[in-house]
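Work through the exercises below with the sequence and the 3D view side by side, and try each task before you read its solution.

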Amino acid sequence: MALPDFTIRPSGEISVAFLKRNILTFHQATEYIRHLPYGRNADKTDLKSIFTDNKGTCSTKHALLQVLAEEQGMNHMRLMLGIFRMNAQNTPKVGNTLREKGLEYLPEAHNYLSWGSEVFDFTRPRSSPADFI
């Protein structure tokens, strides 16, 4: 099952925020979000802050896309929380710290989307569910 695409209608504040940026379909929205830099938002309780901060985390990026889908009546999109083994292979920046502490990995939380039995990760340009599953 592939991730559905649909035309964005002005049916909520998140939908309107995408349309103001000339992002007209859900797939365009996922690509826009995927290519935003990774970073903490000034106000993670306001998902629109992704647009003003021009960045987001796995949590805020995927929550924003899930709300967009919900505003468009795509109620089968799910925001998921998973725990994975963060190690030097899937997160190279932690490699030195793990080695210094004698650890193979750390448990880490990650947010992503699911549609049917498939999972999708739009955290970074090259993010893949294989990185955390």
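**Exercise 1.** How are α1 and α4 oriented to each other, roughly parallel or roughly perpendicular?

*Solution.* This is a predicted model, in which local features need pLDDT of at least 70 and side-chain atom pairs count only at pLDDT 80 or more, while totals for chains, interfaces and linings use all residues. Residues are numbered from 1 along each chain as its sequence is written, and side-chain values use heavy atoms, with hydrogens and water left out.

Step 1: two packed helices are described by the angle between their axes and the distance between the axes.

Step 2: the axes of α1 (residues 13-20) and α4 come within 8 Å and cross at roughly 105 degrees, where axes are lines fitted to C-alpha atoms, for helices over the stretch in contact, and angles run from 0 to 180 degrees between N-to-C directions. Helices here are DSSP runs (H or I, at least four residues), and strands are runs of E with at least two, numbered from the N terminus.

Step 3: α1 and α4 are therefore roughly perpendicular to each other, a class that covers 65 to 115 degrees.

**Exercise 2.** Which residues in α1 meet which residues in α4?

*Solution.* Step 1: contact means heavy atoms within 4.5 Å.

Step 2: from α1 come Glu13, Ile14, Ser15 and Phe18, and they meet Leu64, Leu65, Val67, Leu68 and Glu71 of α4.

**Exercise 3.** What kind of aromatic pair do Phe18 and Tyr32 form?

*Solution.* Step 1: rings of Phe, Tyr and Trp (its six-membered ring) pair if their centres lie within 6.5 Å, and planes under 30 degrees apart count as stacked, over 60 as edge-to-face and the rest as tilted. By this rule there are five aromatic pairs.

Step 2: Phe18 and Tyr32 are 6.3 Å apart centre to centre with 80 degrees between the planes, and the pair is edge-to-face.

Step 3: this pair links distant parts of the chain, with Phe18 in α1 and Tyr32 in α2 (residues 26-35), 14 residues apart.

Conventions. Parallel < 35°, antiparallel > 145°, perpendicular 65-115°, else oblique.
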